[in-house]
Each structure stands twice: as C-alpha cells, then as structure tokens.
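Here are my notes for you, written as numbered points. Keep the structure open beside them and look up each residue as you go.

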Amino acid sequence: MDGWPGFLQSVLAAAAAQGAPLLLVALGEIICERAGVLNLGAEGMMLMGAVCGFAACNAGSSLPAGAAAAMLVGGAFSLVHALLSVTFRANQIVSGLALSILGLGLSSFIGERLDLVMQPAAMSFGPIPIPFASRIPFLGEALFRQGVLTYLAYALAAAAWFMLFRTRLGLRIRSVGESPLTADAMGVSVPAVRWLCVGIGGVMAGLGGACLDVLLQLGDRPLNPARFAKPAELQVGEMSNARRRMRAGVGEALHQMRSAATAQVDHHREVERVHLCHQRRRGRVLLREQHQPRWGRTKNVWSASAASPGRNRLVS
C-alpha cells in the first residue's frame, strides 16, 4: 500500500510489535492486583528479564532458552516482593518502588559488565504470517504477520480473562483480592494465593523483557562492531558509572526496605497501644458497673421506665 493507508498499516504493525511487551507485563500486573497485591516493581523485573534473556541468547543458547531465562529471573525477582509485601506485610508501594530502582541499577550494571551495550542480537524471532488471517485487507499485514511472542501475548490475554472469570482458581484469586477475610473463612489460603499471583506477575514481566529485546529484532541488519569501538579510558569511566549506579540502586532499595519495616513496626505498636487503651477503658467501665449499688441501678431503670409511660414499669 502507498500513501496514508500504507503509513497507517506500518504504524499499526509497529504498535502491535512494540506493544506486546507492555501487554505481557500488564497481564501479570492485572493478576497481581486481582489478588490484592500492588506490584510497582514490574519495570525492574522486566529490565532484569531483558538483560538476562539477551545475555543468554548472545551466549549461544536458543531463543526458547533465552525466553526461559528471562522468565526465571523475573519470577525470582518477584519472590522478593512477595516475601516483603505478603509475608512481612511491608508497604507494597515502597517495596515495589525499591525493587524497580534495584532492577534498573542492577540491569545497567550487568549490561555494562558483560559488554552488552549497543551489541546486536545474536538471534531473533522472525515474522510468521498466519495463512488466512494475514490476507485480510489492511489488518492482516499489520496484526497477523508478527513474531511468536506477539501471538503468544494475544493468546495469553484471552487465557488470562478465561482463568480469572471462568475457572475456580480465578474465583479464588478475585475473592482473595476483594475480601480476604471471607476467602480465609471459606478455607482459601490467602498468602499462598498471593504468592502464586505475584510469581505469575514476575514471570510475565520477565517474558515481557524477553519480548522487549528479542522481538524488536536488534540484529535484523548486520552492524559493524568497529562502529561502537570506544577508547579504553571511556570504557573504564562507563564501568565506574555503572558501579556507582549499582551501588546507588542497592542503597536506595535497602533504605526503602528499612523505612518500610520501621513504619510497619510503628504501625503495629500504635495499633497495640490503641487496643490496650480500649481494653483498659472497657475494664474500668465493667468494674464500675459491678460495684454500683443495687438501688442505683433500680432507680435508673425506674426513671427510664417513667419516661416511657407505655412500657412495663416492673423491674426484676
């Protein structure tokens, strides 16, 4: 196609290809939030999955092995968030932001250390046209001539909807997110379901990272390595900057986690103090009622009955 139709078709095809990583990460985040866990560390998990998947592919592994490595790293990174937010009950926002900062610094450090910056991909998924759907005018060339991971994102979107709204597992996930006390009363393990959903979200974020660096086909055209050659002093300086970013990311993450733990402890102490004050006040009221004279209670009851002439004035 030429003119505006061809331009719009190219834009739609690029949007479908480059939106697949965001779709995968969004699906994982939807499952997490349906279980009542806010995962703001999805960006860090996606970056860690991207750099590990890219490194695995450049090391000579196959494309499925690279995608599996990215999913494994993303899932392992998400378990830290599950440990902090579900088991230790830390602030979910603080924990997620700390992991996002940590993933940003750690992925940058790994990329600089393994010399992956500005390197072409050793392999990539090529476009696979679907036999009949790719012949649809205008939409066929844009949506059905994509890579494997884009088609996988399409399928996982439908599978996530079916799992959440048409299966028993989806019902448990939604019940845990909407009413944890009710789900616990029905025998559903709330922490186990939330751990599972956070792990699924991390795996999906890692797969989105693999889709980000493998699907975009960085190695479609051969690149000249001499084009990216840098002086040794510049490489040493960039390595030092990467180390500084790594230390800053780790330090910020530890500071946020420590702040979250301190805030959580202070909150529990405040709740216990308020509960103890309430119990003491209640105990004093009960003690005062027990020592109150019988005639005082009778007099009060008679006076209350006198205020309502239609009621029975006999006092037992």
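1. Start with the order of things. Read from the N terminus, the elements of the protein go α-α-α-α-β-α-β-α-α-α-α-α-α. That comes to eleven helices and two strands. Do keep in mind that this is a predicted model.

2. Now for the protein overall. Buried residues account for 34% of its 316 residues. The accessible surface is about 18700 Å², and carbon and sulfur atoms hold 64% of that. As for contacts with a separation of 6 or more, 73% are between residues 24 or more positions apart.

3. On to the inside. In soluble globular proteins, nonpolar side chains tend to be buried together. Here the largest nonpolar core has 15 residues, and the members that touch the most others are Leu24, Leu149, Leu207 and Cys211. Helices α1 (3–34), α3, α6 (148–166) and α9 (190–215) each put in at least two residues of this core. Which helix gives the largest share? That is α9, with four residues.

4. Leaving aside residues up to four places away in sequence, leucine 24 touches Ala153, Leu156, Met204, Leu207, Gly208 and Cys211. Another core, of 14 residues, lies apart from the largest one, and its members include Ala42, Val51, Leu102 and Leu116.

5. Next, serine 78, which sits in helix α3 (residues 63–87). Is serine 78 buried or exposed? Its relative accessibility is 0%, so serine 78 counts as buried, the cut-off being under 20%. What does serine 78 touch, not counting residues up to four places away in sequence? The answer is Met45, Val198, Gly199 and Gly202. With valine 198 there is a polar detail too: a polar atom of the serine 78 side chain lies 3.4 Å from the backbone oxygen of valine 198.

6. Last, the cysteines. A disulfide is a covalent bond between the sulfur atoms of two cysteines.

Notes:
Residues are numbered from 1 along each chain as its sequence is written. This is a predicted model: local features need pLDDT of at least 70, side-chain atom pairs count only at pLDDT 80 or more; totals for chains, interfaces and linings use all residues. Side-chain values use heavy atoms; hydrogens and water are left out. Buried means under 20% relative accessible area, exposed over 50%, partly exposed in between (1.4 Å probe, protein chains only). A polar contact is a pair of N or O atoms within 3.5 Å; within protein, one must be able to donate a hydrogen and the other to accept it, and residues adjacent in sequence count only if both atoms are side-chain atoms. Contact means heavy atoms within 4.5 Å. A nonpolar core is a set of buried Ala, Val, Leu, Ile, Met, Phe, Trp, Tyr and Cys residues joined through side-chain atoms within 4.5 Å. Accessible areas come from the Shrake-Rupley method with a 1.4 Å probe; for residues, only the protein chains shown count as cover.
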